[in-house]
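Me: I have a new structure to read. Please show me how to go through some of its features.

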Amino acid sequence: MKKTSALLLVLNFTLVACSTTQNTAVSPSPSESAAAVKTVQNKTQKKPLVVTTVAPLTNIVSNIAGARAEVKGIIPEGTDSHTFEPRPSDADVLSKADLIILNGLHLETPTAKLAKASKSKEAKIYELGSHTISQDQWLFDFSFPKEKGDPNPHLWVNPKYAKVYARLAAQQLTALDPAGKDYYATNLKNYEKRLDDLDRVTREVVKSIPPQNRKLLTYHDSWAYWAREYGFEVIGAIQPSDFKEPSAQDVAKLIDQIRKTGVPAIFGSEVYPSKVEEQIAREAKVKTANTADDELPGQGSANAMENTNPEHTYIGMMANNLRIIASGLGGNPKLVDSLNTANVVGPTATAATTKTK
Ligand SMILES: [Zn+2]
C-alpha cells in the first residue's frame, strides 16, 4: 500500500515536471488554455445538492433533477414526518445544500428551523406548499384543527398539486442550474404526463365507487386535498391533533359515526400502526386496510436515480392507495393496473418502457 502511494507520488512529480516542460516549450493560445480550464472545471464541478424532506417530495424532485443534480431526502421513509426531529448529521447535509426544498405549511417545522440555522449564505430554502395554494385554499380538519393554526399539509396526495410541485421544482432547479433548462423541461414534460394519467385513472376509480360510499375515515388525516379534488367526503380521522392515540370517548363517537354513515371500510396507515383503528373496525363491523401518504411501497429508494423498484415511487404509492380505496368501498381496483408507476429518470425509467401507454 505504502509502496504504491510512493510510486504514485513519483509518477505525479514526473507528470508535473513533464507538463511544465511542455508548457514552456509550446505555450497554448489563450483560447486553448481557456477551453482547457473550462474542461477541467466541468470535470471537477460537483452537481448541485438539493435537499428535500419526505419521500414523496424526494421522489417528485428527483424525477425532475435526474442526473444533473444530487437529491437527498432527510426524513427517513416510514418515519412520522409530523414529529420528526432532525439529527445532527442532517445539519451537516443541510449546510452543504445548494437548494433546500420543503413542503412547508408547518409539516417539517424542526427541519425548517435547522435548515435556516445550518444552510450556507447562498443556499435557498423553497417551500412548495405555500407556492401551490393560497391561504384561502388551506384546509383545516380533524387532526389539523383551525384553532391550532396548522393547515393540513398533505398537498402532494392530490395528483394535481403533485403536478404543481413538479413544475415548481423544475423552476427552482433551472434557477439554480440555468444550463440544465432544457433537460429539466424534458423531465417535467414526461413526468407531467404520468401525473395526468394518475389523475385520469383516479377519476375512473372514483366513478367506479358507489356515490354513497365516497367517504373516507382514515387513521391519519392526509386525504383532505385529494377528497376535495375528487368529490369525496372526509367523515373523520382517528388520530387526534397531538398525534397521540384517541380517547375512549372519541373512539365511541367514531364507531357511532361509521354506523350512521354506513361506510364499508376505514383506512389506516403503515406509518401509524394503530390497535385502536382495528378495534374501531371490529366494533363498527367494517373492513380496514392501510393507505400511505409518505411511505412509498416496497423496497427501494425515493431518489429516482437510485431506485430500481418501479412501484417504489410517488405514483406507485398513489396507485396502491387507489387499489385499497376501491377494494374497500366497492369500486374496481383493476382500473389501476394500466398506470405506469415508474420514474421518468434513473433505472426504472428505462426498465419499464414496455408499460408506457
Ligand atoms: Zn402525514
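Reply: Start with F243, which is exposed because 12 other C-beta atoms lie within 10 Å. A residue is buried with 20 or more other C-beta atoms within 10 Å of its own, exposed with 12 or fewer, and partly exposed in between; C-beta atoms are placed from the backbone. This is a predicted model: local features need pLDDT of at least 70, side-chain atom pairs count only at pLDDT 80 or more, and totals for chains, interfaces and linings use all residues. Residues are numbered from 1 along each chain as its sequence is written.

Me: Where is F243?

Reply: F243 sits in the loop between β6 (233-237) and α10 (248-261). Helices (H or I, at least four residues) and strands (E, at least two) are DSSP runs, numbered from the N terminus.

Me: How do I read phi?

Reply: Most residues other than glycine have a negative phi. F243 is not a glycine, yet its phi is positive, about 60°. H106, also not a glycine, has a positive phi of about 65°.

Me: Is H106 buried, exposed or partly exposed, and what is its count of C-beta neighbours inside 10 Å?

Reply: H106 has 16, so it counts as partly exposed. Its loop runs between β3 (99-102) and α5 (109-118).

Me: What about nonpolar residues?

Reply: In soluble globular proteins, nonpolar side chains tend to be buried together. A nonpolar core is a set of buried Ala, Val, Leu, Ile, Met, Phe, Trp, Tyr and Cys residues joined through C-beta atoms within 7 Å. Here the largest has 85 residues, and I64, A166 and A169 touch the most other members. Helix α12 (residues 314-329) gives the largest share, ten residues.
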